[in-house]
Amino acid sequence: MNPAEAQRLLADVEAFCQEIRPHEEFAYAERRYNDQLVPLARKYNLLGMNVAPTYGGRGADTVTYLQALARIGREGTGVRTFFSGHLSIGAYPIQTWGSETLKQKYLPRAVRGECILAFGLTEPEAGSNPRQMTSTYRRTAHGYVLNGVKYLISNGGIADAIVVFAYPADVAPNDPRYRISAFVIDTHVPGFEVESFTPQAKLGLPTSNTAMFAMHDLAVPEENLLGREGDGFRIAMGTLVSGRLSVAAGCLGVIEDCLAEVLRYAKERVQHGKEIGRHQLVQEHIALIEVARAATAALVHQAAVAKDQAAAQPGDVALAQRADLLAAQAKFFASQAAWEAADRAVQVFGGRGWSTLYRPARHLADVRVCRIYEGTDEILKLKIAAALLGKEWEAFH
Ligand SMILES: Cc1cc2nc3c(=O)[nH]c(=O)nc-3n(C[C@H](O)[C@H](O)[C@H](O)COP(=O)(O)OP(=O)(O)OC[C@H]3O[C@@H](n4cnc5c(N)ncnc54)[C@H](O)[C@@H]3O)c2cc1C
């Protein structure tokens, strides 16, 4: 993407963010899905930010795309999670591993907002270890039939198509052919049953859709196989690199917003005869949020550059491994830093900080999930250590 196109995209993102804010605040107060998100994202042509122009997208490189997601992250982790689901883990695997037919079938509609996307890997009994999944597929004369349940899926209840993963039903687990495959399923077909989590039951992200869905003998056309049979695990892990970067960028936005809020409030609020920003212990909070922001921005940028370098040399294993490691590091650091920044912002706001009528409390509640989804803190620490120690030292397989 050339600099002028990048500037235009970031200007559209800015306009979107300004327009979405009051809708997001109302939806949050009412603890409901923000139904203005898709219409406004369509209005500003943001539903294909990272999709190639061939399919109608804006063709953003990773560095620009993550700048956009960081800006969106300032509006809340719920808003950013929608884009992660639709683009970073929805459109990305279709664009990267899909056949030309599959790309033409889904990406132009996704960009136009006619086909919202999601990514269904997690199951009730398979979270950190996706290999424990029990979803299955069978070959038929016209394609495949899928059965199983997927759990905690962002956009799952609003998606028109979902990237899902399953084992072959007719192959024994000890057979080398017992390998996960990836498919794109349509949700408006017989055999798809979905149930969204009630926003009241969630600690945060009330404005984002999180759902569970079942596939009951769900028919999938042959062309909807993603990659080749048995490629599913590789596709899932490759997609998580893109997903982790999106989470890290969103967390950067959360820190930026916490900093902006704290700077404003510290100059307004007066206690003990002076603005609280003149109290040294309040200044400590400000200083530590700023250091967290700067460190997170550096890690996110470094990881984005590594991802673009790896994308430019598709066969280079060392570049791909580096991009994978830096994405894990950025996501691990950013999600902890954002959680701590939100906690400090709550503290600076005092009693108001504890209320979800103010931005710090919403960030604190929402950003907590970033230490869980797309790889928990624990899994990412083990991944980072194994990358340094060597594959034979992996703590789990
Ligand atoms: C709001 C939300 C949105 C989500 N969106 C999506 C989505 O769009 N698509 C999708 O597929 N999934 C999604 N998820 C699921 C998410 O990725 C999983 O919750 C996450 O991977 C953890 O899995 P789990 O919940 O089963 O926890 P578990 O895997 O059961 O882990 C429980 C605890 O055990 C720890 N643990 C597990 N294994 C090890 C180990 N080997 N060593 C050390 N500690 C370990 C974990 O770190 C964690 O602390 C979402 C989750 C949430 C909450």
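This short talk walks through some strand pairings and salt bridges in one protein structure.

Hi everyone. What you see is a predicted model, where local features need pLDDT of at least 70, side-chain atom pairs count only at pLDDT 80 or more, and totals for chains, interfaces and linings use all residues. Residues are numbered from 1 along each chain as its sequence is written, and side-chain values use heavy atoms, with hydrogens and water left out.

Let's begin with the strands. Helices (H or I, at least four residues) and strands (E, at least two) are DSSP runs, numbered from the N terminus. Two strands pair if DSSP finds at least two bridges between them.

E3 has another partner to look at: strand E7, residues 210-221, pairs with E3 in the antiparallel sense over 9 bridges. Here you can find Val145 opposite Ala219 in E7.

Now for the salt bridges. The term means a side-chain nitrogen of Lys or Arg within 4 Å of a carboxyl oxygen of Asp or Glu. How many turn up in a search of the whole structure? The search finds 27.

Take Asp12 and Arg58, whose closest N and O atoms are 2.8 Å apart. Asp12 sits in helix H1 (residues 3-29), while Arg58 is in the loop between helix H2 (37-43) and helix H3 (62-74), 46 residues apart. Are these residues buried or exposed? Buried means under 20% relative accessible area, exposed over 50%, and partly exposed in between, using a 1.4 Å probe and protein chains only. Arg58 is buried at 16%, whereas Asp12 is partly exposed at 24%.

Next, Asp257 and Arg21 meet in a salt bridge at 3.8 Å, N to O. Asp257 belongs to helix H6 (residues 232-268) and Arg21 to helix H1, 236 residues apart. Asp257 is buried, with a relative accessible area of 2%, but Arg21 is partly exposed at 27%.

That pair also brings us to a network of salt bridges, which links Glu14, Arg21, Glu25, Arg71, Glu75, Asp257, Arg359 and Arg362.

One more pair: Lys383 and Asp324 form a salt bridge, with the closest N and O atoms 2.9 Å apart. Lys383 lies in helix H10 (residues 377-389) and Asp324 in helix H8 (residues 317-353), so the pair ties together parts 59 residues apart in sequence. Lys383 is partly exposed at 27%, and Asp324 is partly exposed at 23%.
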